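Here is a brief report on strand order, helix packing and charge pairing. The structure comes first, the reading after.

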Amino acid sequence: MFHKILIANRGEIAVRIIRAARELGITTVAVYSEADKTALHTLLADESICIGPAKSTESYLNMNSVLSAAIVTGAQAIHPGFGFLSENPKFVTMCEEMNIKFIGPSALVMNKMGDKINARKEMIKAGVPVIPGSKGEIISAEDALKEANRIGYPVMLKAAAGGGGKGIRKVSTKEELVPAFESASQEAIAAFGNGAMYMEKVVYPAHHIEVQILADRFGNTIHLGERECSLQRHNQKVLEESPSIAIGEALRQKMGDAAVRAAKSVGYEGAGTIEFLLDSQSGNFYFMEMNTRIQVEHPVTEFVTGVDIVKEQIKVAAGQALSHQQEDIVIKGHAIECRINAENPEFNFAPSPGKINDIHLPSGGVGLRVDSAVYSGYTIPPYYDSMIAKIIVHGENRFDALMKMQRALYEFEIDGIQTNSDFQFDLISDPNVIAGDYDTSFLMETFLPNYKKDKE
């Protein structure tokens, strides 16, 4: 086992990793930007080191600075969390060259699955169903027009090298395509340094289903069930739950088997997520992408399976076998996660950084967890993602979990900034959500228009 690891991240995921490492008896090193000097992850870690100015490109995305911090502190491994350098194969290669273990897949595997075009090719070889789409990179608007005519509108443009909702555009007509391609490509360049795109046939409406997998170096690969992630705003997940009530046991097994087959086909090691789109009309499911990292929504899976995914990541990276076999995984009860962001829903979800004068996080009872990195007196900087907390609940059944989440959101109080907690309360209380009658179209086309009318 490692003696010391460095966490190349910030916010609640850095805190989450520090806590898991401490429970494993591992010393932790936090890196932080000048804007994060008083951040919770900086205060909780055994050691902390400043790696640059507030701007991400000069700190959390600065590979040389992160690696230098690991060398100076004697860290044996680096946990990247999610975002920042977590899916950067160049950084993984640099870690390998410096004999520092990257807690995640190899650069080779990350290249295969992190690039969406390569991932599609790998999945086709593995016999995993994929969405009809382009055969390679699209680097010009002219090529995009040709591919769209071949595939048929509507189509979805996606950044070849990215994720997290960046560089994605839905295009319904030929007239929309060129401006959509140009704006998506520019967004992809800004976010990932690569403007190449690819194109898929739109599967809509659909359910966004993702399957959590774990794999070790000894050939053991298992899945931990699925998460329902269809409640999204502009391709960003808002609320997740597990298990999905949109699928039955037979389809659940089929999707889980496909996810394991996908991971095994590329020799995957560590924690990863296979994302599928489930056609609401035909019932067919298609591979969409693989996230070669821990996911924001991993706690719902931890609640229903009892598996600590972050600890398993660390153990596998240290050369240990998985702690569980597939037959050990039993889904118990139901879990829901709400993402709490520092934003104002009444002003088009504008970011709301600033000082937190006071905060009360929900607590009490069984099956309630809050992952956060904020505290009273902390000033949220304006430079990073707006998520400040995740409220996760677990109940004996879905209704129990829904009521527990309502209670938790009702108790959540924060003074000094605006958050989306009231928006989340309204969403979790919506009759369609309570009934489980929603898909990827619901939030943007049904709930939000009604929400805005009610606030006028």
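Strand S12 (residues 270-279) is joined to S13 by 6 bridges, and the two run antiparallel. Leu-277 has Tyr-286 as its bridge partner in S13. Strands count as paired if DSSP finds at least two bridges between them. Helices (H or I, at least four residues) and strands (E, at least two) are DSSP runs, numbered from the N terminus.

The model is predicted: local features need pLDDT of at least 70, side-chain atom pairs count only at pLDDT 80 or more, and totals for chains, interfaces and linings use all residues. Numbering starts from 1 along each chain as its sequence is written, and side-chain values use heavy atoms, with hydrogens and water left out.

**The eight-strand sheet**

The open sheet of 8 strands runs S13-S12-S9-S10-S11-S14-S21-S19, with antiparallel pairing. Its edge strands are S13 (285-291) and S19 (368-372), each pairing on one side only. The twist averages 25 degrees from one strand to the next. Angles run from 0 to 180 degrees between N-to-C directions, with axes fitted to C-alpha atoms, for helices over the stretch in contact.

**The three-strand sheet**

An open sheet of 3 strands has the order S7-S6-S8, again with antiparallel pairing. S7 (168-171) and S8 (197-201) stand at the edges with a single partner strand each, so one side of each is left without a neighbour in the sheet. Here the twist averages 20 degrees from one strand to the next. S6 (residues 155-159) pairs with S7 over 4 bridges. Lys-158 has Ile-168 of S7 as its bridge partner.

**Helices on the sheets**

Contact means heavy atoms within 4.5 Å.

| Helix | Strands, including | Angle |
|---|---|---|
| H10 (residues 298-305) | S9, S10, S21 | about 20 degrees to S21 |
| H13 (residues 421-428) | S10, S11, S14 | about 50 degrees to S11 |
| H7 (residues 141-151) | S6, S8 | about 15 degrees to S8 |
| H8 (residues 174-192) | S6, S7, S8 | about 170 degrees to S7 |

**A helix pair**

H3 (residues 63-73) and H4 (residues 89-97) pack at about 30 degrees, axes 11 Å apart. They are therefore roughly parallel to each other, a label for angles under 35 degrees. Met-63, Asn-64, Val-66 and Leu-67 of H3 meet Lys-90, Phe-91, Met-94 and Cys-95 of H4.

**Charge pairing**

Side chains of opposite charge can pair when their charged atoms come close. The whole structure holds 26 salt bridges (a side-chain nitrogen of Lys or Arg within 4 Å of a carboxyl oxygen of Asp or Glu). Glu-12 and Lys-390 form a salt bridge at 3.2 Å, N to O. This pair links helix H1 (residues 11-23) to strand S21, 378 residues apart.

Conventions:
Parallel < 35°, antiparallel > 145°, perpendicular 65-115°, else oblique.
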